Amino acid sequence: MKQVTLPGGERVPALGMGTWNMGDDRGTRAEEIATLRMGLDLGLRLVDTAEMYGEGLSESLIGEALAGRRDEAFLVSKVYPHNASRKGAVAACERSLRRLGTDRLDLYLLHWRGDVPFEETIEAFQALQAAGKIRYFGVSNLDLDDMEAFCDVPGGDAVAVNQLLYNLSRRGIEFDLLPWLRERNVPVMAYSPIEQARLLRNAGLRRFAERHGMTPAQAALAWLLRTDDIIAIPKTSQRDRLRENVRALEITLTPEQLDELDALFPPPRHAQPLAML
């Protein structure tokens with residue numbers, strides 16, 4: 001399993017599992033749990049969720065899937081911005097831990113910037129670290145100005161990752177935010193790496209994948225996995241799709257293939273507003 005190194009030195013899988021919308025439908029619960037457990041078997045031990053996902057339903061599903069296997073997973077969750085105050089983040093984390101059936105999170109993220117000052121959020125994260133409730137903290141959906149502000153707060157430079165919408169069709173961060181993060185050795189955790197399956201229907205990508213003996217999903221994931229500082233967290237509720245995603249780790253795109261993808265999905269030529277879903 002390819003790995004990415006966090007600023008603190010810990011190595012985590014470059015390919016993990018997202019869980020947005022998982023747990024919402026009782027009819028698909030058994031397959032979702034089986035998919036998550038298979039992911040652990042295949043080495044995709046990074047599991048990402050959030051209190052927002054189904055208002056806790058995703059966390060509860062993961063808690064069931066990880067029962068008896070918690071130590072195999074690098075577990076990530078996120079706090080709502082309106083809960084990210086000194087007391088609010090601590091209480092939200094405790095609720096997430098109960099739903100997940102665990103005593104700690106490996107990584108806790110601010111889901112996006114809200115009205116609570118970063119100072120309060122960072123103090124809450126530090127208190128949770130001191131209590132052993134979380135191991136690392138980070139952010140999600142923070143653009144360059146927000147990242148600079150977050151890291152200017154005492155303790156903010158301990159940020160472990162920035163989770164961002166990043167894929168072949170969403171390359172805006174490459175202009176300024178990604179270089180800034182790379183200077184500070186802060187990895188990107190790329191959510192919706194196949195654009196909620198929309199990339200699978202892209203005619204150009206479909207032709208590229210067929211010509212080179214891969215699926216569109218594998219091409220999109222291999223493109224993200226080509227570097228050492230991107231963690232991709234595709235979400236799938238099906239075991240066959242999971243197996244397909246894992247095979248992307250076997251693909252090394254050639255310079256010529258990367259040029260083809262740049263022609264299909266050009267990199268940004270100027271700063272762009274941060275894309276979010």
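Beyond its neighbours within four places in sequence, Met 147 is in contact with Val 139, Leu 142, Val 159, Asn 162, Leu 177, Trp 180 and Leu 181. Keep in mind that this is a predicted model.

Where does Met 147 belong? Met 147 is part of the largest nonpolar core, which has 90 residues. Together with Leu 107, Tyr 108 and Tyr 166, Met 147 touches the most other members of that core. Among the elements, helix α8, residues 216-225, gives the most to this core, with eight residues.

Now the chain as a whole. There are 10 helices and nine strands. Along the principal axes, the C-alpha atoms fill a box of roughly 55 × 45 × 30 Å.

How much of the chain is buried? Of the 277 residues, 55% are buried. On contacts: taking those with a separation of 6 or more, 77% are between residues 24 or more positions apart.

Last, the surface and the charges. The accessible surface of the chain is about 11900 Å², and carbon and sulfur atoms hold 47% of that. As for charge, I count 34 positive side chains and 40 negative ones. The centres of these two sets lie 5 Å apart.

Technical notes
Residues numbered from 1 in each chain as written. Predicted model: local features only at pLDDT ≥ 70, side-chain atom pairs only at ≥ 80, totals over all residues. Heavy atoms only, no water. Helix = DSSP H or I, 4+ residues; strand = E, 2+ residues; numbered from the N terminus. Buried < 20%, exposed > 50% of the residue type's maximum accessible area, 1.4 Å probe, protein only. Contact = heavy atoms within 4.5 Å. Areas by Shrake-Rupley, 256 points an atom, 1.4 Å probe, with all protein chains shown as cover. Lys, Arg positive; Asp, Glu negative; His and termini not counted. Charge placed at Lys NZ, Arg CZ, Asp CG, Glu CD. Core = buried A, V, L, I, M, F, W, Y, C linked by side-chain atoms within 4.5 Å.
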